[in-house]
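Colleague: Talk me through this one, please. Start wherever you like.

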Amino acid sequence: MRTKQLLTGLIFAILAICSCEMEKTIETDVFSISYSKGSSWVDYFYNATIDQNGLMQVTETNGLTKTNRKSKYILDDSEIKMIKEKLNSLVKIDISDKYGFDNENNPTDLPVTKLKYKTTIKSDSTSIYFPKENELPVELNAFLQTIRQVILDNDTLLNN
């Protein structure tokens, strides 16, 4: 009788543990990020790719000055950690294909920003053009701010 009660209690305990909803931990140890900004109006294109090892590769084309460049930078551990934290938040949501393209009163000559990322479990991408206030999800906005800051801190040739 006692064994039957213990066995029943054990089964209920296992079911309770299994039915608990645990927060998914998403591993972003392996990732690739592509951030680009460009405008055909001024024949300008900037692309930065970042990987989990901290390698940032930049390609920049400026048609007005007829200059092209390719540069490589190595990010420090704190920057990689910051990117992983923001990416971990971003992969938990689905981002839209595009933001900010639906307002007919927008200027027509601003650059378009494109973001694409790939992890071992998920990839997603979006295009952004003059989004409305609060149109971007908080996670996407925070991620973009982090990527822009990392680029500004490392790409010493940007805007030169």
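Modeller: Let's start with Lys 84 and Asp 29, whose side chains meet in a salt bridge at 3.7 Å, N to O; the term stands for a side-chain nitrogen of Lys or Arg within 4 Å of a carboxyl oxygen of Asp or Glu. The pair links distant parts of the chain, 55 residues apart: Lys 84 belongs to helix 2, Asp 29 to the loop between helix 1 (2-19) and strand 1. Helices (H or I, at least four residues) and strands (E, at least two) are DSSP runs numbered from the N terminus.

Colleague: Before we go on, what kind of model is this?

Modeller: This is a predicted model, where local features need pLDDT of at least 70 and side-chain atom pairs count only at pLDDT 80 or more, while totals for chains, interfaces and linings use all residues. Residues are numbered from 1 along each chain as its sequence is written, and side-chain values use heavy atoms, leaving out hydrogens and water.

Colleague: How many salt bridges does the structure hold?

Modeller: Five. One of them is Asp 94 with Lys 122, at 3.0 Å, N to O. Asp 94 lies in the loop between helix 2 and strand 5, and Lys 122 in the loop between strand 6 and strand 7, so the pair ties together parts that are 28 residues apart in sequence. Asp 94 is exposed at 65%, whereas Lys 122 is buried at 18%.

Colleague: And which residues are joined into one network?

Modeller: Glu 60, Arg 69 and Asp 155, through salt bridges that share partners. Between Arg 69 and Glu 60 the closest N and O atoms are 2.7 Å apart. Arg 69 is buried at 15%, and Glu 60 is buried too, at 12%.

Colleague: Switching to the fold. What's the strand order in the sheet?

Modeller: 4-3-2-1-6-7-5, an open sheet of seven strands with mixed pairing. Strand 4 (67-74) and strand 5 stand at the edges with a single partner strand each, so one side of each has no neighbour in the sheet. Two strands pair if DSSP finds at least two bridges between them.

Colleague: Where does that network pair sit in the sheet?

Modeller: Glu 60 stands opposite Arg 69 in strand 4. Strand 3 (residues 55-62) and strand 4 are antiparallel, with eight bridges.

Colleague: What packs on the sheet?

Modeller: Helix 2 (residues 77-90) does, touching strand 1, strand 2 and strand 6, with its direction at about 85 degrees to that of strand 1. Contact means heavy atoms within 4.5 Å. For the angles, axes are lines fitted to C-alpha atoms, for helices over the stretch in contact, and values run from 0 to 180 degrees between N-to-C directions. Helix 3 (residues 138-154) lies across strands 1, 2, 3, 4, 5, 6 and 7 and runs at about 80 degrees to strand 1.

Colleague: Last topic, the surface. Which residues make the nonpolar patch?

Modeller: Trp 41, Val 42 and Leu 64, over about 370 Å². Patch residues have over 30% relative accessible area and no salt bridge; like charges are joined within 9 Å, nonpolar side chains (Val, Leu, Ile, Met, Phe, Trp, Tyr) within 5 Å. Areas come from the Shrake-Rupley method with a 1.4 Å probe, and for residues only the protein chains shown count as cover. Trp 41, in the loop between strand 1 (31-39) and strand 2 (44-51), is exposed at 60%. Leu 64, in the loop between strand 3 and strand 4, is exposed at 65%.

Colleague: What does Leu 64 touch?

Modeller: Val 42 and Asp 43, leaving aside residues up to four places away in sequence. Leu 64 and Asp 43 are 6.6 Å apart, C-alpha to C-alpha, and 21 residues apart in sequence.

Terms used. Buried means under 20% relative accessible area, exposed over 50%, partly exposed in between (1.4 Å probe, protein chains only).
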